[in-house]
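Visitor: I have a model open here and would like to go through it piece by piece. Can you take me through it?

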Amino acid sequence: MASERVIVIGAVAAGTSAAAKAKRTNPDLDICVYGREAHVSYSACGLPYLISGAVADYQALIARTPAQFARDGVTVKTEHEVIDLDVAAGRVTVRDLANNSTFHDHFDRLVIATGARVNCPPVRGIELQGVFRLRSMHDGLAIQTYISQQQPKQAVVVGAGYIGLEMAEALLDRGIGVTLVNRSKTVLSSLDNDMSSQIISRLEAAGVQLALGCGLEGLEGKADKVTHVVAGGRDIPAELVIIATGVQPNSELAQSCGAELGDYGAIKIDQLGRTSVDRVYAAGDCSTVDHRILNKPVYLPLGTTANKQGRTLGAYLAGHERPFRGVVGTAVTKFADLHIAATGLSVEQALRHGYHVRSKIIHSTDHAGYYPNARPITVKLVADAADGTLLGGQIIGYDDVAKRVDVVAVALAGRMTVDEFAWQDLSYAPPFSSVWDPLLVAAQALAKG
């Protein structure tokens with residue numbers, strides 16, 4: 001009896017996680033992964049730090065190579081793009097990008113893990129030399145090479161989300177002046193305005209020029225090379241431009257076979273990775289994920305989610321049902337020495353989804369004030385006004401921000417109320433916290449109304 005053949009489209013996070021887990025769990029599966037890029041199984045989240053120089057070698061970002069997958073019995077074909085599929089016939093059409101030839105391959109089950117692409121605004125000059133998106137290893141290496149060869153003195157980063165802030169920091173670290181352009185008058189849309197104002201102050205202190213409330217109108221160049229960005233009626237000099245205006249899912253293949261789509265055109269999947277089409281599965285940044293607070297599928301592309309969805313799907317393909325219950329939307333980043341984290345819903349997001357909310361901001365120190373080097377920390381908690389259930393948290397500070405937001409994330413997953421959270425048994429010693437941790441102080445303040 002022939003082995004069941006699984007074809008995986010996409011070879012970065014979700015696709016390779018699914019393939020590896022499925023093969024480990026059921027060695028009899030015949031698994032082939034097709035990846036459009038030259039590199040596979042790498043950390044896209046590490047690319048800004050490769051560009052900054054904090055990561056010295058791009059190979060440090062690669063978890064496994066095709067040769068390593070082959071030793072475990074998984075075939076990975078790089079620079080191969082699946083351009084068409086016929087689910088009824090169990091067939092995909094593949095283009096070998098190295099020699100521009102096409103061929104067919106067959107599957108018993110198909111995994112679509114095609115990721116996402118930068119949602120590039122349709123403006124003039126977007127294809128000028130020196131204008132880059134940052135989504136893939138190819139993008140990161142191209143930016144790195146361009147900086148080394150052209151030595152730009154002034155850059156513009158368009159978009160003030162996580163990638164925008166990380167790239168602003170990376171370019172400053174390379175000695176390049178940065179102007180940050182954003183359509184909104186704030187930065188980091190996952191935070192409420194009363195929190196993001198602190199980030200704006202830190203950006204300005206680091207020398208970042210801000211063009212907030214300015215939509216990108218176009219790019220100008222000379223000899224096919226970018227020289228200026230036009231935004232909000234301003235003409236901003238730029239020898240390098242990074243477009244960081246969010247992403248959209250690569251869901252066209254799934255749509256072509258009739259798979260149901262959800263928010264933002266992402267492939268709608270259940271907690272096991274199943275689409276609405278029999279024998280077709282999806283995972284990662286091309287698909288939805290269940291939101292544990294909103295109790296519905298949403299589009300929230302994050303590397304952690306992609307890996308978890310991939311592992312869940314891999315187990316299912318091998319015969320083990322271990323549903324991934326979803327996310328609460330936890331994320332963390334930094335700019336210079338300022339650490340920024342959020343989980344759950346902001347006030348703005350909660351109101352948009354029909355909640356009546358209460359919120360509270362407290363300012364404290366990250367450990368006991370009398371212990372040396374105590375630094376400021378700001379905590380904001382959001383709760384349902386009806387029953388006191390925690391809905392979200394935002395933290396800005398310098399030390400242990402990431403671990404503190406993780407505590408809030410666990411509380412959200414456990415559907416804790418503010419009162420319950422305010423009395424949690426968190427660790428204490430003067431070098432690490434005050435006797436009342438800032439999280440507990442915020443919760444108690446919120447409980448009092």
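**Helix α5 and onwards**

Guide: This is a predicted model. In helix α5, the buried residues are G164, L165, E166, M167, A168, E169, A170 and L171.

Visitor: What does α5 span, and how many residues has it?

Guide: Helix α5 covers residues 162-173, 12 residues in total. From first C-alpha to last it reaches 17 Å, close to the 16 Å expected at 1.5 Å a residue.

Visitor: Changing topic. How many cavities of 30 Å³ or more turn up in the whole structure?

Guide: The search finds two. The largest cavity holds about 100 Å³ of space. It is lined by 14 residues, and those closest to its centre are I269, D270, Q271, Q309 and F324.

Visitor: Which elements give two or more residues to that lining?

Guide: Those are β19 (289-291) and α8 (303-317). The largest share comes from α8, with three residues.

Visitor: What is the lining of the largest cavity like by class?

Guide: Five of its residues are nonpolar, six are polar and three are charged.

Visitor: How much space is in the second largest cavity, then?

Guide: About 40 Å³. Its lining is made of G284, D285, S287, T288, V289, L300, P301, L302, T305, A306 and Q309. Here α8 gives the most, with three residues. By class, the lining has five nonpolar residues, five polar and one charged.

Visitor: On to the sheets. What is the strand order in the one with β14?

Guide: The order is β13-β14-β15, an open sheet of three strands with antiparallel pairing. From one strand to the next, the twist averages 30 degrees.

Visitor: How many bridges are there between β13 and β14?

Guide: Six, in the antiparallel sense, with β14 running over residues 225-231. K222 has K225 in β14 as its bridge partner.

Visitor: What about the sheet with β5?

Guide: That is an open sheet of three strands in the order β4-β5-β6, with antiparallel pairing. The edge strands are β4 (80-86) and β6 (101-106); each has a single partner strand, so one side of each has no neighbour in the sheet. The twist averages 25 degrees from one strand to the next.

Visitor: Which residue in β6 is the bridge partner of V92?

Guide: D105. Strand β5 (residues 91-96) and β6 run antiparallel and are joined by six bridges.

Visitor: Last one: why is β22 called largely enclosed?

Guide: Because six of the seven residues in β22 (residues 338-344) are buried, the strand is largely enclosed by the rest of the structure. Buried here means under 20% relative accessible area.

Visitor: Which strands does β22 pair with?

Guide: Strand β21 (residues 331-335) is joined to β22 by five bridges, running antiparallel. F335 stands opposite L338 in β22. β22 also pairs with strand β25 (residues 390-397), again in the antiparallel sense, over six bridges. In that pairing, I340 stands opposite I396 in β25.

Visitor: And what sits between β21 and β22?

Guide: The hairpin has two residues between the strands, and A336 takes a positive phi near 55 degrees.

Note on methods. Residues are numbered from 1 along each chain as its sequence is written. This is a predicted model: local features need pLDDT of at least 70, side-chain atom pairs count only at pLDDT 80 or more; totals for chains, interfaces and linings use all residues. Side-chain values use heavy atoms; hydrogens and water are left out. Helices (H or I, at least four residues) and strands (E, at least two) are DSSP runs, numbered from the N terminus. The expected span of a helix is 1.5 Å times one less than its number of residues. Buried means under 20% relative accessible area, exposed over 50%, partly exposed in between (1.4 Å probe, protein chains only). On a 1 Å grid over the protein atoms alone, a cavity is a set of points where a 1.4 Å probe fits but cannot get out, and a pocket is an open set with protein on both sides within 12 Å along at least five of seven lines; lining residues have an atom within 4 Å of a point. Grid points are joined across faces, edges and corners, and a volume is the space filled by probe spheres set on the points. Ala, Val, Leu, Ile, Met, Phe, Trp, Tyr, Cys and Pro count as nonpolar, Asp, Glu, Lys and Arg as charged, and the others, Gly among them, as polar. Two strands pair if DSSP finds at least two bridges between them. Axes are lines fitted to C-alpha atoms, for helices over the stretch in contact, and angles run from 0 to 180 degrees between N-to-C directions.
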